Amino acid sequence: PSDVALFYFAGHGLELAGENYLVPTDADIRSKAYVENDAVRVNFVLDEMGAAKARLNIVILDACRNNPFTRVRSISGNGLAFPNSIPSGSIIIFPTAPGQVALDGSGENGVFTSHLLKHLPTTGITVEEMFKRVSSGVRSDSLAVGREQVPWLNLSFSGEFCFVGCGTRIDPLAYASVVKEKAEIEKTTQLLQ
């Protein structure tokens, strides 16, 4: 119950009849019928994570790419669909809105994963704040190449989680109280001297 579960996927994903699938690199999808056998249903992953009853499930799907199987006429469309089964206590993020195609980027990673790797080790920020920074960077980079891409975030988690050091954050009220107490101690010390 106190665990955090994380599922990350980068690669091709596709939507078929409202269901999202993640495509392994060795998949040989020749028709619509092959999708269920060769690809992984996103709802399967979400259902398994929900069954584990972790405190927090984080699902990062950098899979909103164009359909790699354009030769198969029964599979059409781009991007992923809205998930239809989300366990409570979950955070799900796509690199772009459902039904949209994410930019690949020019480096080793896509635009989204590049920003994720940049902000993931940041100390003292909540997972929500980290994803906001990722989203801001993705949007900025995509606008620079003339195509707006805004990551899609679904949040049903009300706790607090940081990848690195939530305990290092300073509560402004607690800090103000410590500063006030320090000033009083210094004043008392001066009077005693």
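Biologist: Which residues touch the most other members of the largest nonpolar core?
Modeller: Ile58, Ile60, Phe112, Leu116, Val127, Met130 and Phe131 do, out of 17 residues in that core. A core here is a set of buried Ala, Val, Leu, Ile, Met, Phe, Trp, Tyr and Cys residues joined through side-chain atoms within 4.5 Å. Bear in mind that this is a predicted model, where local features need pLDDT of at least 70, side-chain atom pairs need 80 or more, and totals for chains, interfaces and linings use all residues. Residues are numbered from 1 along each chain as its sequence is written, and side-chain values use heavy atoms, leaving out hydrogens and water.

Biologist: What does isoleucine 58 touch?
Modeller: Leaving aside residues up to four places away in sequence, Ile58 touches Val4, Ala5, Leu6, Phe7, Met49, Ile91, Val127, Phe131, Phe161 and Phe163. Contact means heavy atoms within 4.5 Å.

Biologist: Let's go to the helices. Which residues of α3 are buried?
Modeller: Val111, Phe112, Thr113, His115, Leu116 and His119. Buried means under 20% relative accessible area, exposed is over 50%, and partly exposed is in between (1.4 Å probe, protein chains only).

Biologist: And what covers the buried residues of α3?
Modeller: The cover includes strands β1 (4-10), β5 and β6, plus helix α4.

Biologist: Which residues of α3 and α4 meet?
Modeller: On the α3 side, Val111, Phe112, His115, Leu116 and His119 take part. They meet Met130, Phe131, Arg133, Val134, Gly137, Val138 and Asp141 from α4. Phe112 and Leu116 also turned up in the core list, as did Met130 and Phe131.

Biologist: Where does valine 45 sit, and is it buried or exposed?
Modeller: Valine 45 is in helix α2. It counts as buried, with a relative accessible area of 11%. Beyond residues up to four places away in sequence, Val45 touches Phe7 and Val40.

Biologist: How far is valine 45 from valine 59?
Modeller: Their C-alpha atoms are separated by 9.0 Å, and the two residues are 14 apart along the chain. Val59, by the way, is one of the residues of that 15-residue core.

Biologist: Switching to the backbone: what is the phi of alanine 17?
Modeller: Positive, about 55°, although Ala17 is not a glycine. Its place is in the loop between β2 (13-16) and β3 (19-22). Ala17 is exposed, at 81% relative accessibility.

Biologist: What about lysine 53?
Modeller: Lys53 has a positive phi of about 60°, and it isn't a glycine either. You'll find it in the loop between α2 (42-52) and β5. Lys53 is exposed too, with a relative accessible area of 63%.

Biologist: Zooming out, how many helices and strands does the protein chain have?
Modeller: Five helices and seven strands. In sequence order the pattern reads β-β-β-α-β-α-β-β-α-α-β-α.

Biologist: How much of the chain is buried?
Modeller: Buried residues make up 38% of its 193 residues.

Biologist: And what share of the contacts links residues 24 or more positions apart?
Modeller: Such pairs account for 67% of the contacts with a separation of 6 or more.

Notes. Helices (H or I, at least four residues) and strands (E, at least two) are DSSP runs, numbered from the N terminus.
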